[in-house]
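Biologist: Can you walk me through this one? I'd like the fold, then the surface and the salt bridges.

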Amino acid sequence: MEKDTINKLFNDLQGSFDIEEPIEGHKTRFLEKLRQKNTVATITKKKNSWWKPLSIAASIALLFFLAIGGLNNSITTEDKVAEISPEVSKSELYFVSLIDDQIKELEKENSPETKKIIEDTLLQLNKLEKNYSQLEQDLLNGGNSKLILSAMITNFQTRIDLLNEVLAQIDRIKKIKNTHDENFTI
């Protein structure tokens with residue numbers, strides 16, 4: 001059926017095909033026109049060639065601004081607090097170091113007799129740490145800086161006092177246990 005359609009098409013178009021030879025010099029004129037079009041296309045490319053460097057420059061600028069924005073976001077709360085009050089930053093380093101040392105000492109004392117008191121202490125320290133983070137945010141949001149700075153120092157002192165008290169209680173527990181053990185061994 002398709003062959004019939006194609007045959008019919010060729011039969012209908014017979015005699016209308018251009019079978020004439022082109023006039024002399026046609027090939028030369030055709031090639032010349034192609035060369036002119038290539039020149040126009042080349043000129044057009046040169047006119048549009050500034051878009052590529054411009055787009056590269058825009059991409060680099062965009063990446064640069066995104067990187068700067070990322071750096072600004074990576075500045076920690078501690079860094080911002082240090083800008084507001086360098087004294088607090090120095091105090092914070094001292095207190096954090098002291099508290100970390102006491103927490104390590106506390107964890108070394110972990111035993112069945114002291115487990116509950118140590119867990120409760122760590123829970124209280126976590127609450128105080130969250131409270132301190134809120135104080136930092138309040139300071140950054142422009143609250144009464146003298147009052148907030150005082151509360152921050154008090155927060156550190158409360159943590160240190162808590163740890164000292166718990167370590168003292170653990171020493172009492174150990175002494176009671178040792179006394180108890182000595183009484184049973186005699």
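Biologist: How many helices and strands does the protein chain have?

Modeller: This is a predicted model. The chain has 7 helices and 0 strands. Along the sequence the pattern reads α-α-α-α-α-α-α.

Biologist: What is the mean pLDDT?

Modeller: The mean pLDDT is 77. Of the residues in the chain, 68% reach 70 or more.

Biologist: Which helix has the lowest mean pLDDT, and which the highest?

Modeller: Helix α3, residues 51–74, has the lowest among the elements, at 62. Helix α6, residues 115–140, has the highest, at 89. Where pLDDT is low, the coordinates should not be read in detail.

Biologist: OK, packing. What share of the residues is buried?

Modeller: Buried residues make up 16% of the 186 in the chain. The accessible surface comes to about 15000 Å². Carbon and sulfur atoms account for 59% of that surface.

Biologist: And the contacts? What share joins residues at least 24 apart?

Modeller: That share is 71%, counted among contacts between residues at least 6 apart in sequence.

Biologist: Which residues form a nonpolar patch on the surface?

Modeller: Phe30, Leu31 and Leu34 do. Together they have about 260 Å² of accessible area. Leu31 is found in helix α2, residues 26–48. Its relative accessible area is 36%, so Leu31 counts as partly exposed.

Biologist: Switching to charges. How many salt bridges does the structure hold?

Modeller: It holds 5. One of them joins the side chains of Arg35 and Glu32, at 3.4 Å from N to O.

Biologist: How far apart are Arg35 and Glu32 in helix α2?

Modeller: They are 3 residues apart, so about one helical turn separates them. Glu32 is partly exposed, at 39% relative accessibility.

Biologist: What does Glu109 form a salt bridge with?

Modeller: Its partner is Lys174, with the closest N and O atoms 2.9 Å apart. Glu109 lies in the loop between α5 (86–108) and α6, while Lys174 is in helix α7, residues 145–185, so the pair ties together parts 65 residues apart in sequence.

Biologist: Glu109 and its relative accessible area: what is the value?

Modeller: It is 22%, so Glu109 is partly exposed. Lys174 is partly exposed too, at 35%.

Biologist: One more. Which side chain meets Glu165 in a salt bridge?

Modeller: Arg172 does, at 3.4 Å from N to O. Glu165 is partly exposed, with a relative accessible area of 40%. Arg172 is partly exposed as well, at 45%.

Key: Residues numbered from 1 in each chain as written. Predicted model: local features only at pLDDT ≥ 70, side-chain atom pairs only at ≥ 80, totals over all residues. Heavy atoms only, no water. Patch = residues over 30% accessible without salt bridge, like charges linked within 9 Å, V, L, I, M, F, W, Y side chains within 5 Å. Areas by Shrake-Rupley, 256 points an atom, 1.4 Å probe, with all protein chains shown as cover. Salt bridge = Lys/Arg side-chain N within 4 Å of Asp/Glu carboxyl O. Helix = DSSP H or I, 4+ residues; strand = E, 2+ residues; numbered from the N terminus. Buried < 20%, exposed > 50% of the residue type's maximum accessible area, 1.4 Å probe, protein only. pLDDT = per-residue confidence, 0-100. Contact = heavy atoms within 4.5 Å.
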